[in-house]
Amino acid sequence: MRIAPLDIHDPAQADEVFAVEQATHAADRPDNPPPLYDLLITRLRQDDPEVRLALMSAQLDGRLVGYALIALPTIDNRHLAQVEVRVDPRHRRRGVGSALLEAMIERAGAEQRSVLIGGVTGPVPGGPPRGEAGARFAEAHGLTPALPNTQRRADLQATDVAAEQRLLDECLFHAADYDIVTWHGITPDRLADGVASLVNRLVVDAPIGEIDIQETTLDTERLHAEDHNALARGTHLVGAAAVHRPTGEVAAVTRIDVRPPGDHGGIWLTIAHPKHRGHRLGTLVKIEVHRRVRREFPQLRYVNTGNADANAHMVAINDRLGYVPYETATAYQRRLS
Ligand SMILES: CC(C)(COP(=O)(O)OP(=O)(O)OC[C@H]1O[C@@H](n2cnc3c(N)ncnc32)[C@H](O)[C@@H]1OP(=O)(O)O)[C@@H](O)C(=O)NCCC(=O)NCCS
């Protein structure tokens with residue numbers, strides 16, 4: 001076996017990586033949308049000032065049978081390395097994944113990273129089957145569960161529009177001092193500063209379990225750079241915010257990232273400032289963002305979101321909006337130094 005840096009700009013290697021991704025999808029999560037070549041390869045080739053990727057391949061007899069990456073934040077949380085490992089199902093249980101992970105751990109150490117994090121999917125009652133491989137593999141390498149998390153999915157085409165309107169009216173009754181605004185594309189200038197501040201609060205306000213992560217320092221310029229980056233990768237951004245009318249403060253925000261022609265979108269984040277809680281703002285921004293997405297992307301059917309299991313308020317909102325659990329996505333962690 002040969003473990004070597006992966007040159008994702010080489011079209012032949014990119015094709016082999018995509019083949020591994022397709023085989024992994026078919027074996028592990030066939031109920032999820034199939035991987036798209038452009039989306040995957042653009043992500044792996046990304047030129048993002050916030051996150052650098054280091055990529056490794058595993059080859060057997062000159063054929064790529066697995067690959068791994070670590071995502072290295074460049075501005076905030078520079079002690080972290082986020083790892084992903086994929087092995088072709090026909091070549092598992094032969095040490096390929098271990099060799100890739102060891103190479104990545106070594107690289108993370110060379111990059112002065114002290115904490116390794118990886119996401120592992122598992123089954124939920126009533127959901128599609130999920131194997132044990134990810135969890136057993138992570139545990140075999142000294143990673144431990146740090147944040148139990150569940151992925152949920154709403155079917156927008158099954159929305160009961162009358163019930164949604166009733167919920168909206170009920171929530172608006174508690175939010176008389178707020179305007180709900182929505183947008184499509186770059187975060188509007190007048191909201192960007194407030195949105196960036198709320199994003200920075202996420203790891204302070206949302207439960208993060210044992211994960212060793214620090215508050216971020218996003219500002220308007222970096223938020224806009226991230227928006228432009230997402231747009232360049234073919235992602236449409238649809239956001240909703242609650243603005244406190246007397247002060248002009250951005251009190252809550254959410255955003256759905258849509259990748260046409262796919263019929264799945266994902267929630268980037270939803271957060272309400274603690275000062276403005278109790279006004280149903282979390283529910284309001286989500287209803288409005290759902291409505292805008294339904295109007296502008298009729299092909300989009302499912303919206304996916306991940307919530308820490310300890311995040312009772314967010315989970316309750318999602319339950320009311322028709323999100324249904326479909327898999328766990330636990331964050332595992334290992335200290336490297
Ligand atoms: C998880 C994954 C990377 C493992 O790759 P692999 O090449 O089979 O891993 P290895 O052969 O190096 O396995 C190392 C150890 O992990 C554990 N392990 C791996 N797969 C397992 C399984 N299906 N059941 C139980 N234990 C398993 C075992 O302890 C194994 O050692 P052993 O074979 O001597 O018993 C692979 O199954 C995969 O690509 N899964 C999909 C993506 C994923 O879940 N990635 C991990 C999170 S990023």
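Reader: What is the handedness of the crossing where α8 passes α9?
Author: In this predicted model, α8 passes α9 in a right-handed crossing. Helix α8 covers residues 281–296 and helix α9 covers residues 312–320; their axes come within 10 Å and cross at roughly 40°. Because of that angle, α8 is oblique to α9.

Reader: Which residues make the contact of α8 with α9?
Author: On α8 they are Gly282, Thr283 and Lys286, and on α9 they are Met314, Ile317 and Arg320. By class, this contact has 2 nonpolar, 2 polar and 2 charged residues.

Reader: Now α5 and α8, please. At what angle do they pack?
Author: Helix α5 (residues 161–172) packs against α8 at about 140°, and the axes are 10 Å apart. That angle makes α5 oblique to α8.

Reader: Is the crossing of α5 and α8 left-handed or right-handed?
Author: The crossing of α5 and α8 is left-handed.

Reader: And which residues meet there, in α5 and in α8?
Author: From α5 come Glu164, Leu167, Leu168 and Cys171, which meet Thr283, Leu284 and Ile287 of α8. The residues of this contact comprise 5 nonpolar, 1 polar and 1 charged.

Reader: Let us move to α1 and α2. How far apart are their axes?
Author: The axes of α1 and α2 are 10 Å apart, and the packing angle is about 120°. The two helices are therefore oblique to each other, and their crossing is right-handed.

Reader: What residues make that contact between α1 and α2?
Author: Ala14, Val17, Phe18 and Glu21 belong to α1, while Tyr37, Leu40, Ile41 and Leu44 belong to α2. The class division is 7 nonpolar, no polar and 1 charged.

Reader: A change of topic: what domains does the assignment give?
Author: The domain assignment gives domain 1 as 2–113 and domain 2 as 156–305 + 316–323. Their C-alpha centres lie 30 Å apart. In the contact between them, domain 1 supplies 12 residues and domain 2 supplies 13 residues.

Reader: Which helix gives the largest share of the side of domain 1 that touches domain 2?
Author: Helix α2 (residues 37–44) does, with 4 residues. The classes on that side of domain 1 are 5 nonpolar, 2 polar and 5 charged.

Reader: What about the ligand? Which residues come nearest?
Author: There are 22 residues around the ligand, and Arg92, Gly97, Ser98, Gly134 and Arg136 come nearest. The shell divides into 7 nonpolar, 7 polar and 8 charged residues.

Reader: Which elements each supply at least two residues of that shell?
Author: They are α1 (11–28), β4 (80–87), α3 (96–110), β5 (115–122) and α4 (133–140). The largest share, 5 residues, comes from α4.

Reader: Finally, the backbone. Which peptide bond is cis?
Author: Most residues other than glycine have a negative phi, and most peptide bonds are trans. The bond from Pro260 to Pro261, however, is cis, with omega near 5°. Pro261 is placed in the loop between β10 (250–258) and β11 (264–272).

Reader: And what is the phi of Asp61, and where does Asp61 lie?
Author: Asp61 is not a glycine, yet it has a positive phi of about 50°. Asp61 lies in the loop between β2 (51–60) and β3 (63–73).

Conventions. Residues are numbered from 1 along each chain as its sequence is written. This is a predicted model: local features need pLDDT of at least 70, side-chain atom pairs count only at pLDDT 80 or more; totals for chains, interfaces and linings use all residues. Domain bounds come from an automatic or database domain assignment. Two residues are in contact if their C-beta atoms, placed from the backbone, lie within 7 Å. Ala, Val, Leu, Ile, Met, Phe, Trp, Tyr, Cys and Pro count as nonpolar, Asp, Glu, Lys and Arg as charged, and the others, Gly among them, as polar. A residue is near a molecule or strand if its C-beta atom, placed from the backbone, lies within 6 Å of it. Axes are lines fitted to C-alpha atoms, for helices over the stretch in contact, and angles run from 0 to 180 degrees between N-to-C directions. Angles under 35 degrees count as roughly parallel, over 145 as roughly antiparallel, 65 to 115 as roughly perpendicular and the rest as oblique. A crossing is left-handed if the near helix is turned anticlockwise from the far one by less than a right angle, and right-handed if clockwise.
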